[in-house]
Amino acid sequence: MHFSTATALSILAIASSVLAGPLGQNRRDSGDDSNSQLNIFPKDDKYNDYAICKGEVTKGKFPQLQAPSNDGGCVRYFRGIDITGVVTMVNLYHKDGINSACDCAIACLDRPETCTNWVFKHTFAGAAIDDNKRSCTLYSSPNLPKGVTLDYNLDQSVGFGVVGMNAQQGCDAPLTFLDVNATMPDTYGVSGFAVRDVNQRQYC
């Protein structure tokens, strides 16, 4: 049987495209699911072991929430830690409907274009403002680590809201406290993250 050069090249091109198809694409991550050094994530059925605000932060309320069940809940949180921020700052109080950490997380999820982290803690704003209850602070960025300081060029910045603490000096994340002198840690203070990806999926 005799093949022309053109026919031979066509056969090679087809073979190349077949090899470069799904087989070639899968070669990079072949076996990753069973590799315990790569697949370090808990299974979906463990989500509920860690999630807070199940039944309040739900897929019904946030249809794009990336949780394995309709009950939802948030798993990106830190109990007793204040993951604070500075670029924008919105304070919400009991009079604004903040009765729990879940209300605070919901307030952040409601503002996906401006909020990425929330803190439910005592801010000691005064009884007339916060009813001596824990309140909610929303930020657009978490606190910087201790070895980093940013000095903002406000003339070229937009959408930053309150940057009254410019320059922003990094620090270790503080605890949440029951007293204004920061001597009594508050184990029921909590902070967490809420983000939206480019496909509009929400995480908390």
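Author: A salt bridge is a side-chain nitrogen of Lys or Arg within 4 Å of a carboxyl oxygen of Asp or Glu. Residues are numbered from 1 along each chain as its sequence is written, and side-chain values use heavy atoms, with hydrogens and water left out.

Reader: What is the average pLDDT of the chain?

Author: The chain averages 84, and 82% of the residues score at least 70. Over residues 1–24, however, pLDDT stays under 50. Where pLDDT is low, the predicted coordinates should not be read in detail.

Reader: How many salt bridges does the structure hold?

Author: Side chains of opposite charge can pair when their charged atoms come close. The structure holds four salt bridges. In one of them, D82 pairs with K121, the closest N and O atoms being 2.5 Å apart.

Reader: Are D82 and K121 buried or exposed?

Author: Buried means under 20% relative accessible area, exposed over 50%, and partly exposed in between (1.4 Å probe, protein chains only). Both D82 and K121 are buried.

Reader: Which residue forms a salt bridge with D186?

Author: The partner of D186 is R134, with the closest N and O atoms 2.8 Å apart. D186 is buried, at a relative accessible area of 2%, whereas R134 is partly exposed, at 22%.

Reader: Which residue does R201 meet in a salt bridge?

Author: R201 meets D197, at 2.7 Å from N to O. R201 counts as partly exposed, with 31% relative accessibility.

Notes. This is a predicted model: local features need pLDDT of at least 70, side-chain atom pairs count only at pLDDT 80 or more; totals for chains, interfaces and linings use all residues. pLDDT is the predictor's confidence in each residue, from 0 to 100. Contact means heavy atoms within 4.5 Å.
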